[in-house]
Amino acid sequence: MSFDSLGLSAELIKAVLKKGYSKPTAIQLQSIPVILKGLDIMGRAQTGTGKTAGFTLPLLHLLSKHSPPSRSHRSPRALILTPTRELAAQVAMSVDTYGKYLSLKSTTVFGGVNINPQISKLRSGVDILVATPGRLLDHANQKTVDLSKVEILVLDEADRMLDMGFIHDVKKIINLLPKKRQNLLFSATFSKDIKRLADNLLNSPIMIEVASNNLEAEQIEQLIYPVDRIRKSDLLTHLINSKKWPQVLVFTRTKHGANRLAGHLEKNGITSAAIHGNKSQSARTLALSRFKDNSIRVLVATDIAARGLDIDQLPHVVNFELPNVAEDYVHRIGRTGRAGREGEAVSLVCIDELKLLKDIEILIKRELPKTVIPGYEPDPSIKAEPIMNGRNGRNARGGKKPFSGNARNHYSTRRESSRPNASMYRGRFNSAGKSGRGK
Ligand code: AMP
């Protein structure tokens with residue numbers, strides 16, 4: 001099926017073709033006609049599925065059908081909330097790309113940068129506002145934005161929004177919107193918390209789901225390299241050099257770990273930069289653009305910083321450390337093999353992480369192939385240690401702020417009780433693993 005049959009205006013189809021898309025993705029096929037009818041949506045989809053165009057195209061169509069009252073002093077008629085600055089910037093770029101033949105105005109507001117240029121943009125009149133919750137509330141409190149004319153609300157990556165502790169901000173924002181509006185909620189997971197949020201927010205929503213095996217894109221080749229914790233940096237250097245990987249996105253569990261690894265790689269002649277929440281917005285943007293234009297070979301990121309990053313044709317993703325939450329593994333590897341392209345996702349797994357690996361294998365419903373790299377064989381005498389730091393993921397109680405003292409305590413307690421021992425480790429990798437160079 002082509003874009004022509006979905007009911008989008010000629011200007012939007014022209015923009016889509018200019019972008020080089022020949023046919024809609026599964027999520028676009030499902031979401032576009034429903035949104036055009038003015039209905040609410042609860043969409044289960046993650047980045048990599050084409051969901052941004054899935055909501056942006058019909059949103060632009062609907063807004064362009066009714067011209068705004070006056071060109072200046074117009075307030076947003078569509079509000080797109082995203083959990084991170086990077087995702088906000090990317091969604092805004094999609095709005096610009098798809099809306100290039102329309103006369104709608106859009107702007108982005110997020111924290112970490114000067115608020116004044118944002119105020120000027122808002123003052124000059126905006127149809128579509130892309131925002132992160134905290135900075136948007138700052139604007140609302142200062143009365144530099146008027147949300148009373150919003151007709152369409154999009155909550156993008158709602159699960160991550162809750163994970164990052166934005167639920168109260170989101171609720172405050174929703175209270176500032178007109179009661180009558182169209183709501184589009186997208187989330188990679190439908191946890192109890194998300195369902196509760198959806199119950200309060202959405203009006204007879206149409207459920208849209210891309211097949212659950214899309215959770216783990218088939219074209220992504222996944223491989224586990226068992227290795228001792230202290231040898232991971234050396235193994236990664238070895239892999240990048242011996243396999244001549246040109247562009248690698250590497251995930252670490254902590255900000256400190258990201259800095260340390262980027263430093264180690266640099267010392268070994270591999271150009272790299274770290275991207276995480278402690279970096280200024282300008283440093284993050286610079287690192288990302290240097291990575292995209294191949295000025296640096298490796299981008300080391302924490303989960304939150306990397307969430308939603310859209311990097312075309314990313315060939316390799318490495319989990320330097322497994323994430324604390326199995327679903328984050330799926331998000332991470334979703335950075336490669338995007339929109340039909342092939343990719344390779346490699347995880348360096350030490351004995352401490354066997355429980356995390358098991359959780360991932362349960363989630364994706366299959367055992368991942370393991371390959372021991374000669375010279376990097378795990379030492380069977382090393383005992384597992386609890387993983388003490390890192391982000392506490394979504395849990396049944398949900399919504400804890402990352403890096404909070406509470407989260408850490410909660411996590412370390414959980415790890416203690418499920419701590420693997422050395423014999424499990426030997427048995428695990430010996431039975432499933434094979435020795436060899438891998439791909
Ligand atoms: P998203 O899931 O919105 O982050 O999109 C993932 C990637 O797919 C982005 O690089 C988009 O530019 C690309 N994309 C979106 N829609 C299509 C399509 N219909 N055909 C090919 N690529 C697409």
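At 72% relative accessibility, lysine 143 counts as exposed, a class that requires over 50% relative accessible area, where buried means under 20% and partly exposed lies in between, computed with a 1.4 Å probe on protein chains only. The structure is a predicted model, in which local features need pLDDT of at least 70 and side-chain atom pairs count only at pLDDT 80 or more, whereas totals for chains, interfaces and linings use all residues. Residues are numbered from 1 along each chain as its sequence is written, and side-chain values use heavy atoms, with hydrogens and water left out.

Lysine 143 sits in the loop between helix H6 (133-141) and strand E5, and its phi is positive, about 60 degrees, although it is not a glycine. Most residues other than glycine have a negative phi. A second residue with this feature is glutamate 157, which is not a glycine and has a positive phi of about 55 degrees. Glutamate 157 is found in the loop between strand E5 (152-155) and helix H7 (158-163), but here the residue is buried, with a relative accessible area of 3%. The C-alpha atom of glutamate 157 is separated by 6.5 Å from that of threonine 82, although the two residues are 75 apart along the chain.

The protein as a whole has 17 helices and 15 strands, these being DSSP runs numbered from the N terminus, with helices (H or I) of at least four residues and strands (E) of at least two. Buried residues make up 56% of its 439 residues. Of the contacts (heavy atoms within 4.5 Å) between residues at least 6 apart in sequence, 77% join residues at least 24 apart.

An α-helix has 3.6 residues a turn, so residues three or four places apart point the same way. H2 is followed by glycine 38, whose phi is positive, near 85 degrees. Helix H3 (residues 51-65) is itself largely enclosed by the rest of the structure, because 13 of its 15 residues are buried. The end C-alpha atoms of H3 are 22 Å apart, which agrees with the 21 Å that its 15 residues should span at 1.5 Å a residue, the expected span being 1.5 Å times one less than the number of residues.

Two helix pairs can be followed next. Helix H4 (residues 85-98) and helix H12 (residues 281-292) have axes that come within 11 Å and cross at roughly 60 degrees, where axes are lines fitted to C-alpha atoms, for helices over the stretch in contact, and angles run from 0 to 180 degrees between N-to-C directions. That makes H4 oblique to H12, given that angles under 35 degrees count as roughly parallel, over 145 as roughly antiparallel, 65 to 115 as roughly perpendicular and the rest as oblique. In this pair, Arg85, Glu86 and Gln90 of H4 meet Gln281, Arg284 and Leu288 of H12. The residues of this contact divide into one nonpolar, two polar and three charged, with Ala, Val, Leu, Ile, Met, Phe, Trp, Tyr, Cys and Pro counted as nonpolar, Asp, Glu, Lys and Arg as charged, and the others, Gly among them, as polar.

Helix H10 (residues 232-242) packs with helix H11 (residues 255-267) at an angle of about 50 degrees, with their axes 10 Å apart, and H10 and H11 are therefore oblique to each other. Ser233, Asp234, Leu236, Thr237 and Ile240 in H10 meet Leu261, His264 and Leu265 in H11, and the residues of this contact comprise four nonpolar, three polar and one charged.

Glycine 334 lies in the loop between H14 (326-333) and strand E13 (343-349) and is buried, with a relative accessible area of 14%. Glycine 334 is 286 residues from glycine 48 in sequence, yet their C-alpha atoms are 6.2 Å apart in space.
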